[in-house]
Amino acid sequence: MTQSISITLKVNDKEYKREVEPRLLLSDFLRHELGLTGTHVGCEHGVCGACTILVDEESARSCLMFAVQADGHNIMTVEGLTKDKDNLHPLQHAFWEAHGLQCGYCTPGILMTMIPFLKQNPDPTEDEIRHALSGNLCRCTGYQHIVDAVKLASEKMK
Amino acid sequence: MKPAPFEYHAPDSIEQALGLMSQHAGEGKILAGGQSLVPAMNFRVVQPSVLIDLNRVAELSYIREEDNAIRIGSMARERHLEFDSSIKKRTPLLHEAVPFIAHPQIRNRGTIGGSIVNADPAAELPVLMLALSARLKAKSKSGERWVEAKDFFAGMFTTALEPDEILVEIELPFMMPNTGWSFMEVAPRAGDYALMGVAALITLDGNGKCEAAKLVYLNAGDGPVDAIEAAESLVGEALNDNLIESAAVIASEKEINPFGNMHASTDFQRHLAKVLTQKALKQATQRAGESQ
């Protein structure tokens, strides 16, 4: 018989209670159970970074966690950055302004990686930004505009 | 939903976890940070029937100084090692090497115990355990024992742990005074598996001669490779470029046994080992001199 476990967690400040099978990945839980499709799924083995979310304010790959492990934890996805599309988070706005995305597939993962990074490094150098981005693959931009956008965001968010 | 089904347990104490390991010996697989296990499960390369998740065992997550050693609970996250002030002061080699482990997102979840028990020859932490002469505490329902790092790694993805044992603590003796360190690796991209890497330690005596040396390599064999002969060749000597080069030749041509892969032939891996060894030994020697 399939095991089913009850979990209660916060996602973007909203509390959810669900029954899950232990093998359900957190990435699939967010997308399929909660309908939060902003978290993108790329490689599903922890290499591409597209599914990066915040677990208790620290970045993590949601494809490398089971939903049951998020029980009692505080999750933030890209949908949590702003509730109003006309009023973007300063980091999102900087990506728009500096053309930090093309197809946009990698963008949510990059944004969620950069949120804690900029908190810990409010005035990063280009080298530090590139190092912080090393766990997120982008196949369109060549990264230059992403680096520019993060730099711009750091200036706006001061 | 890709992993094969499994029975899930999330104990909140070591006692409970050991009970579950004993009950499911041979079938029970520990889930630590999950940064190597979950990818393998997603691919169904690994299909454990019982998963015992240690993430709720708070008593396994600590870093503290005690009896001239740093004691680290096996569930301490790599990110905590990176920013710990005791580790920076007492075992600067570890402090310097942790940022080479994958990416920040991975280090936020990955644990020291998970990486050690996974025993990937290309991983940094097993190499650092050998370099720092760590002792590893294994516990089961029937008792506990300490295993030296040099006796712990038993080949590719294999350790000395018994099926019902859990690695609970890592003991790192403080680095000796007048010791310099260096950690270097070459990877295609920051955070990727390194093609070759080395951890080096040099201790100088009062006359500036080498009193002790250590050279350990990653991705250089079926586990972390301790180049004992190369390190011995430096002991008792006043180090210079020629001695360092000959030690690098011994290590890279005789002692390591790299397998080669799609990114690097074995010859290229040996070449990298030679170059990295020389650079690392020079940096370690210089740092040992500065600390005198």
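Two strands count as paired if DSSP finds at least two bridges between them. In this predicted model, strand β4 of chain B (residues 63-66) and strand β5 of chain B (residues 69-73) meet that condition, since four bridges join them. The two strands run antiparallel. They form a hairpin with two residues between the strands. In this hairpin B:D67 takes a positive phi near 50°. Across the pair, B:I63 stands opposite B:I72 in β5(B).

Strands of a sheet pair through backbone hydrogen bonds, either parallel or antiparallel. Here five strands form an open sheet in chain B, in the order β4-β5-β8-β6-β7, and the pairing is antiparallel. Strands β4 and β7 (143-148) of chain B stand at the edges. Each has a single partner strand, so one side of each is left without a neighbour in the sheet. From one strand to the next, the twist averages 25°.

At the β7 end, strand β6 of chain B (residues 135-140) is joined to β7(B) by six bridges. These two strands run antiparallel. B:K137 stands opposite B:W146 in β7(B). Helix α1 of chain B (residues 14-23) packs on this sheet. The helix touches β6 and β8 (166-173) of chain B, and its direction makes about 125° with that of β8(B).

A second open sheet in chain B has four strands, in the order β9-β10-β11-β12. Its pairing is antiparallel. The edges are held by β9 (179-186) and β12 (225-226) of chain B. Each of these has a single partner strand, so one side of each lacks a neighbour in the sheet. Strands β10 (residues 196-204) and β11 (residues 210-218) of chain B pair over eight bridges, in the antiparallel sense. Within that pair, B:T203 stands opposite B:A212 in β11(B). Helix α8 of chain B (residues 124-131) lies across β9, β10, β11 and β12 of chain B. The helix runs at about 160° to β11(B).

Two loop residues of chain B also have positive phi values without being glycine. For B:N219, phi is near 55°. This residue lies in the loop between β11 and β12 of chain B. B:N219 counts as buried because its relative accessibility is 17%, and the cut-off for buried is under 20%. For B:R44, phi is near 60°. B:R44 sits in the loop between α2 (37-42) and β3 (50-53) of chain B. At 36% relative accessibility, B:R44 counts as partly exposed.

Charged side chains form links in several places. Over all chains, the structure holds 24 salt bridges. One of them joins B:K2 to A:E44, with the closest N and O atoms 3.6 Å apart. B:K2 lies in the segment before β1 (7-9) of chain B, and A:E44 lies in the loop between α1 (26-33) and β3 (52-55) of chain A, so the pair joins two chains. B:K2 is partly exposed, with a relative accessible area of 26%. A:E44 is buried, at 16%.

Another salt bridge links the side chains of B:K282 and B:D241, at 3.9 Å from N to O. B:K282 lies in helix α12 of chain B and B:D241 in helix α11 of chain B, so the pair ties together parts that are 41 residues apart in sequence. B:K282 is partly exposed, at 36% relative accessibility. In chain A, A:R23 forms a salt bridge with A:E21, and the closest N and O atoms are 2.9 Å apart. A:R23 is buried, with a relative accessible area of 16%. A network of salt bridges links B:R64, B:E66, B:R71, B:R135, B:E169 and B:E171.

A:T107 is found in helix α3 of chain A (residues 107-120). This residue is buried, with a relative accessible area of 10%. Leaving aside neighbours within four places in sequence, A:T107 is in contact with A:F95 and A:L101. On chain B, the residues B:M156, B:F157 and B:F259 make a nonpolar surface patch of about 310 Å². B:F259 lies in the loop between α11 (241-255) and α12 (266-290) of chain B. B:F259 is partly exposed, with a relative accessible area of 47%.

Note on methods. Residues numbered from 1 in each chain as written. Chains lettered and ligands numbered in written order. Predicted model: local features only at pLDDT ≥ 70, side-chain atom pairs only at ≥ 80, totals over all residues. Heavy atoms only, no water. Patch = residues over 30% accessible without salt bridge, like charges linked within 9 Å, V, L, I, M, F, W, Y side chains within 5 Å. Areas by Shrake-Rupley, 256 points an atom, 1.4 Å probe, with all protein chains shown as cover. Salt bridge = Lys/Arg side-chain N within 4 Å of Asp/Glu carboxyl O. Buried < 20%, exposed > 50% of the residue type's maximum accessible area, 1.4 Å probe, protein only. Contact = heavy atoms within 4.5 Å. Axes fitted to C-alpha atoms, helices over the stretch in contact; angles between N-to-C directions.
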